[in-house]
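Open the model in your viewer and keep the selection panel at hand. This tour moves from one selection to the next.

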Amino acid sequence: MVNKVLVVQSKAIGEDEKLGELLMANFLRNLVDSEEKPKTIVFWNTGVYLLCEGSKVLDYVSALESSGVGILACTTCIEYLNLMGKLKAGKTTTMHDAVQLIMSTETVCI
């Protein structure tokens with residue numbers, strides 16, 4: 001693990017939703033296959049959908065979690081998007097804890 005935190009801000013990469021969802025799936029699949037992995041991935045805003053039942057990338061996220069990558073979901077986002085009880089990977093975190101983690105490592109937003 002590298003001392004890096006990824007922040008996933010959306011369920012898609014970029015502005016075109018269909019292309020963005022394909023890019024996100026490809027990104028996560030390649031991250032699973034990567035020899036180096038981040039220490040933690042924080043999911044917030046619509047990125048939390050990727051951790052919930054029905055997610056097309058749940059297998060990739062679960063594989064990352066199984067390999068030791070910390071998977072965190074913003075509690076406020078889960079509540080706001082009415083996803084309580086639907087989280088299938090990772091655990092919830094507060095914004096305070098997410099900020100502390102982000103400030104203590106090298107962070108990349110996608």
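Select Lys 4. Its relative accessible area is 25%, so Lys 4 is partly exposed (buried means under 20% relative accessible area, exposed over 50%, partly exposed in between, with a 1.4 Å probe and protein chains only). Helices (H or I, at least four residues) and strands (E, at least two) are DSSP runs, numbered from the N terminus.

A note on what you are viewing: this is a predicted model, in which local features need pLDDT of at least 70 and side-chain atom pairs count only at pLDDT 80 or more, while totals for chains, interfaces and linings use all residues. Residues are numbered from 1 along each chain as its sequence is written, and side-chain values use heavy atoms, with hydrogens and water left out.

**Remaining salt bridges**

How many salt bridges are there by this rule? The count is three. For another, select Glu 17 and Lys 11. Their side chains meet at 3.6 Å, N to O. Glu 17 is partly exposed at 45% relative accessibility, and Lys 11 is partly exposed at 28%.

Next, select Glu 53 and Lys 88. They form a salt bridge, with the closest N and O atoms 3.9 Å apart. Glu 53 lies in the loop between strand S2 (38-43) and helix H2 (58-66), and Lys 88 in the loop between helix H3 (75-80) and strand S4 (91-93), so the pair ties together parts 35 residues apart in sequence. Glu 53 is partly exposed at 45% relative accessibility. Lys 88 is partly exposed too, at 47%.

Select residues 70-74, strand S3. Is this strand largely enclosed or open? Four of its five residues are buried, so the rest of the structure largely encloses S3.

Strands S2 and S3 run parallel, joined by four bridges (strands pair if DSSP finds at least two bridges between them). Look for Thr 40, which stands opposite Gly 70 in S3. Then trace the chain from S2 through H2 to S3: this β-α-β crossover is right-handed (with the strands pointing away from the viewer, the path from the first strand over the helix to the second runs clockwise).

The chain passes from S3 through H3 to S4, in a right-handed β-α-β crossover.

**Cysteines**

Stay on Cys 74. At 4% relative accessibility, Cys 74 is buried. Now select Cys 109, which is partly exposed at 47%. Across the whole structure, a search finds zero disulfides (pairs of cysteine sulfur atoms within 2.5 Å).

**Last stop: a leucine**

Select Leu 19. This residue lies in helix H1 (residues 17-33). At 45% relative accessibility, Leu 19 counts as partly exposed.

Methods: Salt bridge = Lys/Arg side-chain N within 4 Å of Asp/Glu carboxyl O.
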